Amino acid sequence: MRATRLTTLYFDNPVGQAFWIMRVIFTVAPILFGLDKFFNIMVKWPEYLAPWIPNLIHVSPQMFMYGVVVVEICAGILVGLWPQYFAYVVTLWLWGIIVNLLTTGEYFDVALRDFGLSMGALSLARLAHAHQMERRGQLETAPVVAEAERELAGSRR
């Protein structure tokens with residue numbers, strides 16, 4: 001039986017697949033959502049904004065969304081480059097969105113979805129940390145099948 005190494009370095013195993021899929025998604029999605037917030041194609045994004053937020057800094061809801069566009073596009077690019085740091089930023093950003101949505105008194109379903117997304121971003125940050133450790137040689141991966149076979153052989157004795 002061939003031993004499979006669980007590693008973030010390659011796409012031929014579940015851990016590597018999870019890391020690379022999440023890295024791509026959390027790079028592309030913020031960029032696309034940011035662009036949509038600029039053009040309001042899928043939805044009128046200012047309607048999802050709690051009124052107290054733009055009032056706090058004395059701007060219109062749409063002007064605030066233009067700032068969100070910049071943050072989200074930058075976050076997506078930076079997650080693509082350095083997920084071990086910026087996936088945490090995306091996690092915090094999503095928590096900010098959740099607070100916004102909860103204070104509107106509506107969109108609780110969207111807040112719950114964004115909580116799930118934030119857990120995905122947090123998971124990406126942790127996988128990216130392991131990825132960096134693997135690249136530096138600070139984390140050695142063990143062959144999973146070989147380990148399981150040894151444990152099974154030991155329990156048969």
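1. Where is the place of Tyr 107? Tyr 107 sits in the loop between α4 and α5, where helices (H or I, at least four residues) are DSSP runs numbered from the N terminus. The phi of Tyr 107 is near 60 degrees, a positive value in a residue other than glycine.

2. A word on the source comes next. This is a predicted model, in which local features need pLDDT of at least 70 and side-chain atom pairs count only at pLDDT 80 or more, while totals for chains, interfaces and linings use all residues. Residues are numbered from 1 along each chain as its sequence is written, and side-chain values use heavy atoms, with hydrogens and water left out.

3. Helix α1 covers residues 14-39, and its 26 residues reach 37 Å from the first C-alpha to the last, close to the 38 Å expected at 1.5 Å a residue; the expected span is 1.5 Å times one less than the number of residues. After α1 comes Asn 40, which belongs to the loop between α1 and α2 and has a positive phi near 55 degrees, although the residue is not glycine.

4. Which residues of α1 are buried? They are Gly 16, Phe 19, Met 22, Arg 23, Phe 26, Thr 27, Pro 30, Gly 34, Asp 36 and Lys 37, where buried means under 20% relative accessible area, exposed over 50%, and partly exposed in between (1.4 Å probe, protein chains only). These buried residues pack against α3, α4 (83-104) and α5 (108-135), contact meaning heavy atoms within 4.5 Å. As a general point, an α-helix has 3.6 residues a turn, so residues three or four places apart point the same way.

5. Two residues may be read against that list. Cys 74, in helix α3 (residues 61-81), is partly exposed because its relative accessible area is 39%, and it is 9.5 Å from Thr 27, C-alpha to C-alpha, across 47 residues of sequence.

6. Helix α4 has 22 residues, which should span 32 Å at 1.5 Å a residue, and its end C-alpha atoms are 31 Å apart, which agrees. Among its buried residues are Pro 83, Ala 87, Val 90, Leu 94, Ile 98 and Leu 101, and what covers the buried residues of α4 includes α1, α2 (52-57), α3 and α5. Gly 105, with a positive phi near 80 degrees, follows α4.

7. In the segment before α1, Thr 7 counts as buried because its relative accessibility is 5%. A polar contact of 2.2 Å joins the side chains of Thr 7 and Glu 134; such a contact is a pair of N or O atoms within 3.5 Å, and within protein one must be able to donate a hydrogen and the other to accept it, with residues adjacent in sequence counting only if both atoms are side-chain atoms.

8. The lining of the largest pocket can be described by element and by residue class. The elements that give two or more residues to the lining of the largest pocket, which has a volume of about 700 Å³, are α1, α3, α4 and α5. A pocket, on a 1 Å grid over the protein atoms alone, is an open set of points where a 1.4 Å probe fits, with protein on both sides within 12 Å along at least five of seven lines, and lining residues have an atom within 4 Å of a point.

Notes: Points joined across faces, edges and corners; volume = space filled by probe spheres on them.
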